[in-house]
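Thanks for asking me to look this one over.

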Amino acid sequence: MSNKEYGRFITFEGIEGSGKSTNIAWAQEYLRGQDIEVLLTHEPGRTRIGEELRTVLLRTRDDRLMPMTELFLIFASRMQLLEEVIIPALRRGTWVLCDRYVDSSIAYQGGGRELGVERVEKLVQAMGELYAKPDLTVLLDLPPNMILDRLTNRTLDRFESEEQSFFERIRRTYLDLARNDPRIRVVDATRPLESVQDEIAGLLNALLNESIDG
């Protein structure tokens, strides 16, 4: 997926309450202001099949959804999204912004659910040539003890209802990934929104300049 005729693929990652939805919507408008054709999407979901799987994944339930079941359901939704939405858009030259992608699986199921990072990475490898590697991943970093303050006045879904230790494992895994992959840029999400978006703008501008130079 590195052909220069393709659009750029940018993913936003982070734990609950880190501001992904707010900042990815802002990034969409920012890029549109630069005359870039942009598609905004999210995981799990966005396709008809994906939205049905999303309902299963996020619904609070009495019976336990097993970690491996959760992992495979997310990858099923992901493959549908890639083939139906993301790859066609990139081939048209559209820039794709995705709220969560494979790094979420590595962090949430590999780290949070303690399935192991290597196990999840093997599933990523199994995607083969359908795997679209992001050109940039914005990791909005937030300490887990701030989650509840960010999620006030809303009904929590199955992930948001997890204990703080779950999110601490996720955050550690995310930061480990970022230390080993320059594609992942850590943005301090505890700062005022304007400061966060100024930094995101700088990352987007670098990618825009790279596209022009390329």
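1. **Basis.** This is a predicted model, in which local features need pLDDT of at least 70 and side-chain atom pairs count only at pLDDT 80 or more, while totals for chains, interfaces and linings use all residues. Residues are numbered from 1 along each chain as its sequence is written, and side-chain values use heavy atoms, with hydrogens and water left out.

2. **H2 and H3.** The axes of these two helices come within 9 Å and cross at roughly 160°. That makes H2 roughly antiparallel to H3 (angles over 145 degrees count as such). Axes are lines fitted to C-alpha atoms, for helices over the stretch in contact, and angles run from 0 to 180 degrees between N-to-C directions. Helices here are DSSP runs of H or I with at least four residues, strands are E runs of at least two, and both are numbered from the N terminus.

3. **Their contact.** H2 contributes Ile-49, Gly-50, Leu-53, Val-56 and Leu-57, and H3 contributes Glu-70, Leu-73, Ile-74, Ala-76, Ser-77 and Gln-80 (contact means heavy atoms within 4.5 Å). By class there are seven nonpolar, three polar and one charged residues. Ala, Val, Leu, Ile, Met, Phe, Trp, Tyr, Cys and Pro count as nonpolar, Asp, Glu, Lys and Arg as charged, and the others, Gly among them, as polar.

4. **H4 and H5.** Helix H4 (residues 102-112) packs against helix H5 (residues 117-126) at about 150°, with axes 8 Å apart. That makes H4 roughly antiparallel to H5. On the H4 side the contact includes Val-102 and Ile-106, and on the H5 side Val-117 and Val-120.

5. **Largest pocket.** What lies closest to the centre of the largest pocket? Of its 29 lining residues, Glu-16, Lys-20, Arg-54, Asp-99 and Arg-100 do. A pocket is an open set of points on a 1 Å grid over the protein atoms alone, where a 1.4 Å probe fits, with protein on both sides within 12 Å along at least five of seven lines; lining residues have an atom within 4 Å of a point. H4 gives the most to the lining, with four residues. The lining divides into nine nonpolar, nine polar and 11 charged residues.

6. **Backbone details.** The peptide bond from Glu-43 to Pro-44 is cis, with omega near -20°, and Pro-44 sits in the loop between strand E2 (38-42) and H2. Asp-35, in the loop between H1 and E2, has a positive phi of about 65° although it is not a glycine.

Key: Angles under 35 degrees count as roughly parallel, over 145 as roughly antiparallel, 65 to 115 as roughly perpendicular and the rest as oblique.
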